[in-house]
Amino acid sequence: MSRHPAVVPAPGARDARSPTVVWAFAVTRTPPSEDTLVMTTAHEEGGPLRVLRAGSLCLVVQDVPAALFDETALRERLETPDDLERCARAHHRGVEAASRAGTVVPLPMATLYRGDLNAARAVASREAALASLLDRLADRTEWAVKVHAAETNAPLESATDTGTGTGTGTGGRAYLSRASARRRARLDARGKALAEAEAVDAELRRHAVAATRHRPQSEQLTGRRAPQLLNAAYLVDDAERAAFAAALDRIGADGRHPAVEVSASGPWIPYSFARLDEESEHTEREDAP
Amino acid sequence: MTDVDRGCTDLGPQPYAPVTGNLADLLERILDKGIVIAGDIKIDLLDIELLTIRLRLFIASVDTARKAGIDWWETDPALSSRAARDALAEENARLRARLDALEDAAEETVEAVR
C-alpha cells in the first residue's frame, strides 16, 4: 500500500519531503473558481489555494512549510514587523479570494492545522454555527469608521479668555489659575468631542445591522496629535449601503460636528462580525429599522 | 470633515477594500479573540496594539523612536518577548501533547480508511 504515496503519504513519508501544515483562510458555501484559486498568491512560501469539503461547507486553505509556520517559528516571525505585515496581507488575500464567489466567514490569522482531516473536522464540528453565521453575513459588508478630536489649538487659546479673569497676572497664583483654566478647557473640549463622536455613532447605527467597537488606536499608532475617540465597525446591508454612505457624507458636510474629524474605510469583508460570541462582547442592533 | 476611503465607487462586482489598506485596521480585524473554530496550532500573539505600534516604529525607524524617548516596550517586562515566552511555555507543552494525540487520531483514521 505504500506504493501509492501520491494518494495518501505514509505517516513517515511526511518528514522525508518538506513537511507542510494547513493554513485556513475562510469558510464558505460557495467555493471560488479554479481560476481564482490558481491566480491568487496568498503566502508566497506556500502552495496554491485549495478547497476542502466539510459537510455542506467549504474551507479555503493553503499548504505552507512547517519550518516557517509551526508554532515556534510562526510566533517568532510574527513578532518581527516585516513578517507580521506579510502574513497579514497574505491572509487577507486568501480571505478575499475565498469571498470571490459568495459570503465567507473569515477565520482569524494563524488558524493552522496539521492536515486536511483535522481542518475539515474542525469545520464540520461547528457546521451549524458556521452556517448561521454565513446566513447572517450574507449580502452585508463591514465599514470602518474612526472619529478623532479635531486638531486645533482652540482650547489653549480660549483658556486664557475664559479663565478666572486673573489670567494676566505674573504671580504663582495667577500661573496656577491659568493652568487650571487650561485644564478645564481641555476637559470641556474633550467632553464636547466625545459627545459628538457618540452622535456620529448613533447616526451611523441607524443604517447598520450591527455595530461593534475596536479599542481606539493610540496616538503612537495613528501618528496624529489628536486622540482617537471612536474606532467603530458597522455591518451594513448591501441594500442600505448607499444610505450609510450618504449619512457619512452628511456628517462631514454640514459642520454639525466641528469638534471631531471622521474618517471611514470600506467595504471590508465583515471580519469584525465573524464571531460567535457577540452577545458578550458587542452591542447589537438587530432591530435596526 | 469626513474622509471616506472607499474600496470602490459604487456597488460594483468587486465589493471589498483593496489589500493595500491600513495595516493597523487589518490587524485589529484578523488577529482575533472571537475564535470561530480552533486550529491545531495555536499562536499566542502579543497584544495587537503592541504589535502594530512596534510595526509603526519599525517603519519610522526604531532609532528615531528611541531618540524621542519612546522605548517603553523595551523596559516593560510584561511586554517583552521573553516574558511572553515564559508565560506561554507551559501552555505550549500542553498544546504539543494535544497535537500529538490529534495526529495519532488522524493517522488511525487514515489507516481505517484504507
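**A quick tour**

Modeller: Let's start with A:Ala110, which is buried, with 24 other C-beta atoms within 10 Å. Keep in mind that this is a predicted model.

Colleague: Why does A:Ala110 count as buried?

Modeller: A:Ala110 has 24 other C-beta atoms within 10 Å, and the buried label applies because the cut-off is 20 or more.

Colleague: OK, and where is the place of A:Ala110 in chain A?

Modeller: A:Ala110 is in the loop between strand E4 (104-106) and strand E5 (112-113) of chain A. Its phi is near 70 degrees, a positive value in a residue other than glycine.

Colleague: What about A:Asp139, buried or exposed?

Modeller: A:Asp139 is exposed: 12 other C-beta atoms lie within 10 Å. A:Asp139 has a positive phi too, near 55 degrees, and is likewise a residue other than glycine. You'll find A:Asp139 in the loop between helix H7 (127-137) and strand E6 (140-149) of chain A.

Colleague: Switching to peptide bonds, is the one from A:Gly266 to A:Pro267 cis or trans?

Modeller: That bond, from A:Gly266 to A:Pro267, is cis, with omega near -5 degrees.

Colleague: And which strand does A:Pro267 lie in?

Modeller: A:Pro267 belongs to strand E9 of chain A, residues 260-268.

Colleague: Now chain B. How many helices and strands does chain B have?

Modeller: Chain B has five helices and one strand. Going along the sequence, the pattern in chain B is β-α-α-α-α-α.

Colleague: What share of the residues in chain B is buried?

Modeller: In chain B, 21% of the 114 residues are buried.

Key: Residues are numbered from 1 along each chain as its sequence is written. Chains are lettered from A and ligands numbered from 1 in the order in which they are written. This is a predicted model: local features need pLDDT of at least 70, side-chain atom pairs count only at pLDDT 80 or more; totals for chains, interfaces and linings use all residues. Helices (H or I, at least four residues) and strands (E, at least two) are DSSP runs, numbered from the N terminus.
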